[in-house]
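Take a first walk through this structure. We will look at charged pairs, then at pockets.

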Amino acid sequence: MLEIKSFVFSSFQTNTYVVSHGHHVLLIDPACSNQYEQHQLYQYINSQLSIVNSQLSIIATHGHLDHLWGANWATEQWHTPVLMHEADIPMAKAMQSQYELFGIQMKAVPFEIKDIQSEILNLKTQMGHFELLETPGHTRGSISLYFPEEKTLFSGDTLFRMGYGRTDLPGGNMGQLINSLDRLFELPSDVRVYPGHGDPTTIGAERR
């Protein structure tokens, strides 16, 4: 049974999810942007990690800045890299360019990143059966995490409640996004969708 805790962080209103299963915790999209948000996340995650031998992994559904505000902080707190699709690693490493694109007056701080494929077997051992779905379109390396036994999908910015991710930013491609949405719509109707922004929904509700 997955235990899912959601937080809404930053002016971008980005969803961060903490998913607990057995002795493992997934931090999906560390979007905390200030000390108050960091404190909220820290308190909750450490309460989950108090379980004996619990471990933490950090996953980014894609490389946009609003999903990675807290990446440097999180990697330092829990001494583990951010895992993401290799196609979005260059974007995440060029965070300063993203700040400048949005007119954000901040200095980017590097953080450790690894290709999620290099850790996929370990993740599946820790979290049970789940599928890493490549869902490009919003970015080249956008991914979704699907837990079939739990009928749960973390869709990043590919699929929202009554919407989908924009494709007018660097790396966006509408044709790819349509193909990715078609792939997600093949999932069962009662799969619950936890998107990168906004409220949860279901595949059936969005397929209509």
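**Charged pairs and pockets**

The side chains of Lys114 and Glu119 form a salt bridge, with N and O 2.7 Å apart. The model shown here is predicted. Side chains of opposite charge can pair when their charged atoms come close.

How many salt bridges does a search of the whole structure find? The count is 3.

Another of them joins Lys151 to Asp190. The closest N and O atoms of this pair are 2.7 Å apart. This pair links distant parts of the chain, as its residues are 39 apart. Lys151 lies in the loop between β8 (143-147) and β9 (152-156). Asp190 lies in the loop between α6 (174-184) and β12 (192-195). Lys151 has 37% relative accessibility, so it counts as partly exposed. Asp190 is partly exposed too, with a relative accessible area of 44%.

Then there is the salt bridge between Asp168 and Arg166. Here, again, the closest N and O atoms are 2.7 Å apart. Is Asp168 buried or exposed? Asp168 counts as exposed, because its relative accessibility is 56% and the cut-off for exposed is over 50%. Arg166, at 44% relative accessibility, counts as partly exposed.

Now turn to the empty space. Rolling a probe the size of a water molecule over the atoms shows where such space is left.

Start with the largest pocket. It holds about 310 Å³ of space. Its lining has 18 residues. Which of them are closest to the centre? They are His64, Asp66, Gln98, Phe102 and Leu169. Helix α4 (residues 95-101) gives the largest share of this lining, 3 residues. By class, the lining of the largest pocket has 9 nonpolar, 6 polar and 3 charged residues.

The second largest pocket comes next. It holds about 200 Å³ of space. There are 17 residues in its lining, and the closest to the centre are Trp69, Gly70, Asn72, Tyr99 and Met106. Which elements give two or more residues to this lining? They are α2 (71-78) and α4. Helix α2 gives the most, with 3 residues. The lining of the second largest pocket divides into 11 nonpolar, 5 polar and 1 charged.

Key
Residues numbered from 1 in each chain as written. Predicted model: local features only at pLDDT ≥ 70, side-chain atom pairs only at ≥ 80, totals over all residues. Heavy atoms only, no water. 1 Å grid on protein atoms, 1.4 Å probe; cavity = no way out; pocket = protein on both sides within 12 Å on 5 of 7 lines; lining within 4 Å. Points joined across faces, edges and corners; volume = space filled by probe spheres on them. Helix = DSSP H or I, 4+ residues; strand = E, 2+ residues; numbered from the N terminus. Nonpolar A, V, L, I, M, F, W, Y, C, P; charged D, E, K, R; others polar. Salt bridge = Lys/Arg side-chain N within 4 Å of Asp/Glu carboxyl O. Buried < 20%, exposed > 50% of the residue type's maximum accessible area, 1.4 Å probe, protein only.
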